[in-house]
Amino acid sequence: MMETPDGGVVQDRWEQLLRLLSARPRRQIVVSLLDAPADQRLPLPAVALTSPSQADPERIAVELRHHHLPALASADYIRWEHEPFCVRRGPRFSEPAAVMRLFQESVDQLPETLEQEWLVEAHESS
Amino acid sequence: MSRHNEIIYEVVAALAAANGTDPGSLEYTLADYVDPTMIERVVASNTATELSFQVPGHEVTVTADAEVFIDGISYRTGRRSPISTSERSVDGNREMPDQRQLQRFFTNLPCTVYQSRNEAGWPIEFISGNCHELTGYEPNAFIIGGVNFGFDLIHPDDCDRVDAAVDAAIESESPFSVMYRLQTADGVEKNVIEIGMPLFDGSEPLSIVGAIVDLTDMNQEQAQAVSSLEQANPHK
């Protein structure tokens, strides 16, 4: 198995990356950070909401604090703060960013069974 | 949205209710005390299993039925309900009130008891809560966490001997005992003795039940006595 320069295993990184991108709020955060300047802090839960009309911001804020943000931060994809509640890019942000960028660039090639809006919110993925 | 997508909020809401606060005001982060993915996996598993963990001031249990118990009291969507852990089984049904006494009995035994499938690596179906002291793993690591007792814990040089002892017991439909080296989660090697018995459905060996005793703290005289016993009568 091929190892990365810091001793990690590439296969583990891929599995971790795909696992972390398996939740829609986490994909939404990555795409929002991708669309913003590299050093910008973005307000939460706003940037993780997939559809303001459908989502319960308080509920999503709880899920972000207790699950999604610690998960993304544990992989160094992001950094986040409680007060003010915000998120910014982490040291390994380039990994999820590259994958989400590939998805966005290939979105017109997705089969109908994989509707685009379930990947990320349409207005932010275009 | 499916149950396993909602369960993290349900757990936080239950803890908040137990603390008399709202979910957004909980003072700690759940992920600091448990991997939330493990909670989702329990609820998505559709098996009769549950996950217990500690957070500041509380013991939390989440069942596969997405029931959340805080200190033994059931909470549904952040509300306390009258069912307690002493009135339920792992599949969520009410049961005899002595279930908890039974669990306490297993935990207080000076050995780890288990039931495993008769398959390669002996996948664990049940293991007593005190397995953490012996192996360094929590019970759910074996049941839903992908840790395999035979492949991950038994010393590779002892595997064939353990295999042979179990096979002989199945062949003769009798109990077995075998000593081997066990490798814990943090890399410590322990000498153990396992006493087990195959269970059959007709002539088909389905499971193995047994107990594992840690010999690490035995003095030399005691260990020699156990070893002599095992060598003299390895399958009974």
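User: What ipTM does the predictor give the complex?

Analyst: This is a predicted model, so the scores come from the predictor. For the complex the pTM is 0.55 and the ipTM is 0.79.

User: Which stretch of chain B has a pLDDT below 50?

Analyst: Chain B has an average pLDDT of 80, and 76% of its residues score at least 70. One stretch falls below 50 and has 21 contacts in the model beyond near neighbours in sequence. Where pLDDT is low, the predicted coordinates should not be read in detail. The stretch is residues 86–97 of chain B.

User: Which helix gives the most to the side of chain B that touches chain A?

Analyst: The contact is made by 10 residues from chain A and nine residues from chain B. On the chain B side, seven are nonpolar, two are polar and none is charged. The element that gives the most, with three residues, is helix α1 (residues 3–19) of chain B.

User: How far apart are the end C-alpha atoms of helix α7 of chain B, and what span should its residues give?

Analyst: Helix α7 (residues 159–172) of chain B has 14 residues, and at 1.5 Å a residue they should span 20 Å. The distance between the end C-alpha atoms agrees with this, at 20 Å.

User: What arc do the buried residues A165(B), V166(B) and A169(B) of α7(B) cover?

Analyst: In α7(B), A165(B), V166(B) and A169(B) are buried. An α-helix has 3.6 residues a turn, so residues three or four places apart point the same way.

User: How many bridges join β8(B) to β9(B)?

Analyst: S177(B) has I195(B), in β9(B), as its bridge partner. The hairpin of these strands has five residues between them, and G187(B) there takes a positive phi near 85°. The strands β8(B) and β9(B) run antiparallel, and the number of bridges joining them is eight.

User: Is D71(B) buried or exposed?

Analyst: D71(B) is not a glycine, yet its phi is positive, at about 50°. It sits in the loop between β3 (68–70) and β4 (73–76) of chain B. With 12 other C-beta atoms within 10 Å, D71(B) is exposed.

User: How many other C-beta atoms lie within 10 Å of D76(A)?

Analyst: D76(A), a residue other than glycine, has a positive phi near 65°. D76(A) belongs to the loop between α3 and β2 of chain A. D76(A) is partly exposed, and the number of other C-beta atoms within 10 Å is 13.

User: What is omega for the cis peptide bond that joins E83(A) and P84(A)?

Analyst: Most residues other than glycine have a negative phi, and most peptide bonds are trans. The bond from L44(A) to P45(A) is cis, with omega near 0°, and P45(A) is in the loop between β1 (42–43) and α3 (57–74) of chain A. P84(A) is in the loop between β2 (78–81) and β3 (86–89) of chain A. The cis bond joining E83(A) and P84(A) has an omega of about -10°.

Conventions: Residues numbered from 1 in each chain as written. Chains lettered and ligands numbered in written order. Predicted model: local features only at pLDDT ≥ 70, side-chain atom pairs only at ≥ 80, totals over all residues. Contact = placed C-beta atoms within 7 Å. Helix = DSSP H or I, 4+ residues; strand = E, 2+ residues; numbered from the N terminus. Nonpolar A, V, L, I, M, F, W, Y, C, P; charged D, E, K, R; others polar. Expected span 1.5 Å × (residues − 1). Buried ≥ 20, exposed ≤ 12 C-beta atoms within 10 Å, placed from the backbone. pLDDT = per-residue confidence, 0-100. Pairing = 2+ DSSP bridges.
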